[in-house]
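Here is a short briefing on one structure.

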Amino acid sequence: MSDVHASRERTTVETARVGHPLLSLALAAMMDDVGAHSGAVYLLAPDEPVLEMAVMAGLPRSFAAPWERVGLSAPVPVAEAVRGRRLVWVNGEEQMARRYPRIAVVLPYPFALAALPVATRDTTYGAVFLTWPGSHPPELSDRERDHLTSACDRLAIRLRRAEDEGRPVLPEPDLSAPSATMVAGTLGTVEAARMVARLPYGMCALDLHGRISFANAATAELLGVPVSGLLGTQLWASLPWLNDPAFEDRYRAALMSQHVTSFVALRPPSDWLSFRLYPGTNGLSVRISRARGVAEAEHSERLEGDGPGRLVTINHVLALASALTEAVGVQDVVDLVADEIVPAIGSQALLVLGSRAGRLHVLGHRGYADPHLVERFDGMPLSAPMPGAHALTTGVPAFFESRRQLEHLYPMRQDTPDGLNAWAYLPLIASGRPVGTWVLGYAEPHPFPADERSVLTSLSGLIAQALERALLYDAKHQLAHGLQQALLPHSLPSIPGIEAASRYLPATRGMDIGGDFFDLVLSHGRASAVIGDVQGHNVTAAGLMGQIRTAVRAYTTVGQAPEEVMSSTNRLLIDLGSELFASCLYLRLDPAHGTAVMARAGHPPPLLRRPNGKVKVLDLAGGPLLGIDAAATYPTTEVALAEGSVLVLYTDGLIESPGVDIEDALADLGERLAAAGERPLDALADSLVREVGAAEERADDVALLLLRATSVG
């Protein structure tokens, strides 16, 4: 991402407009070339890793309100396009819901989307997205890909040239004005208006922002408002009985999908009207008529609206609510708020505080150049005369529009050198009790109008619920992780004639704790090894794993043969009354004679690499999983273990992954073992788990135990 940092230092984004509409022309040309019906250009902010929308076309900007400012780490297409420096294609609402559920919650309509970076070889300037109706083919054509890629490359070159010439590239007015097209056919505009005026049903035209640009006399009669009172207004603003998010949703659905939509509304006291919306790339035509035979029951409960601007509020709340369902731990909550909300509302710093034993505790922060400025809050008594403590203990938010206002109410012995000049302290209340405070910092003085305070307060409730769950999860996770670490061996004993190495990787889903275990035991001159996997990923599985490992050690110590160790452990598991099962592989090693005797209980077969480099999957006799049948027997198999041989014991998490055949995965593991088997054992262990260790998600734990036969002397 060095090119991204370079671009932030060198690209200047202001709020004024320059004369040459570089971005608007480039966006319009792109949309025209590939038949897209909307799009936007983003530029990287100069001093922070944030994409800012510079111009939008084809749709009102309110549709994209949650993504006007996007953090580079946010899970949205434009940010992903910049991170990967590649085209991102989403072919419809199903794929959008699967890959970007936060966008699908806010815009649940059938449309396709492409996002591309605007970048030269060494500098990223921003990104572009374009959308098509849901009728677009599921794949971009080669022609469309080539046109879009070339257009973004050309735009990047122009931005670099403007930068070299010292011309700042600035945000431009959105391209949402209707185009100057002729009325259908050969009719002039006057005659067309006369024709529409004679129609017995209402006809009106809306621009992309929902404002009425034309209405015939029948529209005025049906709606009960003169034409002069309708022109230039939005339907839901002019008519209180249409002031309903459900009706606005139909308008948004028509524009996003470019499909005809309709709805029925009640004009008080008893007139039901039908609205049919015909979308185009420059607005909508609306046909209004009386709805025949509509029952009163068809009219759903209406929500009280407070104006068209509330769409932004609804979108932000929906986007964050969807995102927070994915948060697991406290750090996840902090990262989501920092990546999704802080950029969108224009804040520059975030601090999340909790409480512990009557004192403040810093849960996370972002945007502070000096972490020591944040650390001063850690351990501060809740009784301290500080706004963070006051908000947490009282549950009352506090907004400070300037440093002078803050220091007037909370006199400080010295200035706080955090570089900020406005703050919002918002309590996080969940289940009727405060769980923390989130603090927003602004670089410049910042007014907090009533609607913004309402938005932030609403968001606080969502964040508080997620934080309460995350705090509980982290506490349980620390307990479970500590239990598991205590039950696994911290080191392997030194055994003459045997070199050993092990690796353990926890799952990345759920509690990150499971029942995989391994051990190497030296007792009365006899060496034994065991590896196993208890079903489940929770504290119960980890506890049962500890019991099984202890039992195997005990049965080994008293001198039981391998088949007896397995049978005794099986009966113990059944006697414990657990509903969980376990797989297990037990080995009695004899380095002096170069042999190993193995007993298997439903466990994946081990791999053996011989000194000549050939790898074999050992076909061992065995019995059922432990904990199923008290009368089960576990026959043994003797395997030659010549000096230089490597035995690979593992759990199924090493070879099982979605969409991959187990036989293929096992063959791949064997090839890697054959190629790297001569390396030192620790290096070999690292190479065998490298691929699964680098995976973004692991559905299961991975345990690996390597044994190499060496010279006994």
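Asp-519 and Arg-553 join their side chains in a salt bridge, at 2.7 Å from N to O. This pair links distant parts of the chain, with Asp-519 in strand E18 (residues 515-523) and Arg-553 in helix H18 (residues 539-557), 34 residues apart. The model is predicted.

**Salt bridges**
- Asp-519 counts as buried because its relative accessibility is 2%, under the 20% cut-off.
- Arg-553, at 35% relative accessibility, counts as partly exposed.
- The count of salt bridges comes to 17.
- One of them pairs the side chains of Arg-453 and Glu-401, at 3.9 Å from N to O.
- That pair also links distant parts of the chain: Arg-453 sits in helix H17 (residues 450-487), and Glu-401 in the loop between strand E14 (398-400) and helix H16 (403-409), 52 residues apart.
- Arg-453 is partly exposed at 31% relative accessibility, and Glu-401 is partly exposed at 30%.
- Asp-668 forms a salt bridge with Arg-672, where the closest N and O atoms are 3.1 Å apart.
- Both Asp-668 and Arg-672 belong to helix H20 (residues 662-676), four residues apart, about one turn of the helix.
- Asp-668 is partly exposed, at 29% relative accessible area, and Arg-672 is partly exposed, at 23%.
- A network of salt bridges links Glu-48, Glu-52 and Arg-69.

**Nonpolar cores**
- The largest nonpolar core has 60 residues; Tyr-42, Leu-51, Trp-67, Phe-129, Leu-223, Leu-242 and Phe-275 touch the most other members.
- Helix H11 (residues 245-257) gives the most to this core, with six residues.
- Another core lies apart from it, with 45 residues, including Tyr-504, Leu-520, Ala-529 and Ala-601.
- Leaving out residues up to four places away in sequence, Leu-51 touches residues including Tyr-42, Arg-69, Val-78 and Ala-127.
- In soluble globular proteins, nonpolar side chains tend to be buried together.

**Helix H19**
- Helix H19 (residues 562-575) has 14 residues, which at 1.5 Å a residue should span 20 Å. Its end C-alpha atoms are 20 Å apart, so the span agrees.
- Buried residues in H19 include Pro-562, Val-565, Met-566 and Leu-573.
- Gly-577 follows H19 and has a positive phi, near 75°.

**Cysteines**
- How many disulfides does a search of the whole structure find? It finds zero.
- Cys-152 is buried, with a relative accessible area of 1%.
- Cys-584 also counts as buried, at 1% relative accessibility.

Technical notes. Residues numbered from 1 in each chain as written. Predicted model: local features only at pLDDT ≥ 70, side-chain atom pairs only at ≥ 80, totals over all residues. Heavy atoms only, no water. Core = buried A, V, L, I, M, F, W, Y, C linked by side-chain atoms within 4.5 Å. Buried < 20%, exposed > 50% of the residue type's maximum accessible area, 1.4 Å probe, protein only. Helix = DSSP H or I, 4+ residues; strand = E, 2+ residues; numbered from the N terminus. Contact = heavy atoms within 4.5 Å. Expected span 1.5 Å × (residues − 1). Disulfide = S-S within 2.5 Å. Salt bridge = Lys/Arg side-chain N within 4 Å of Asp/Glu carboxyl O.
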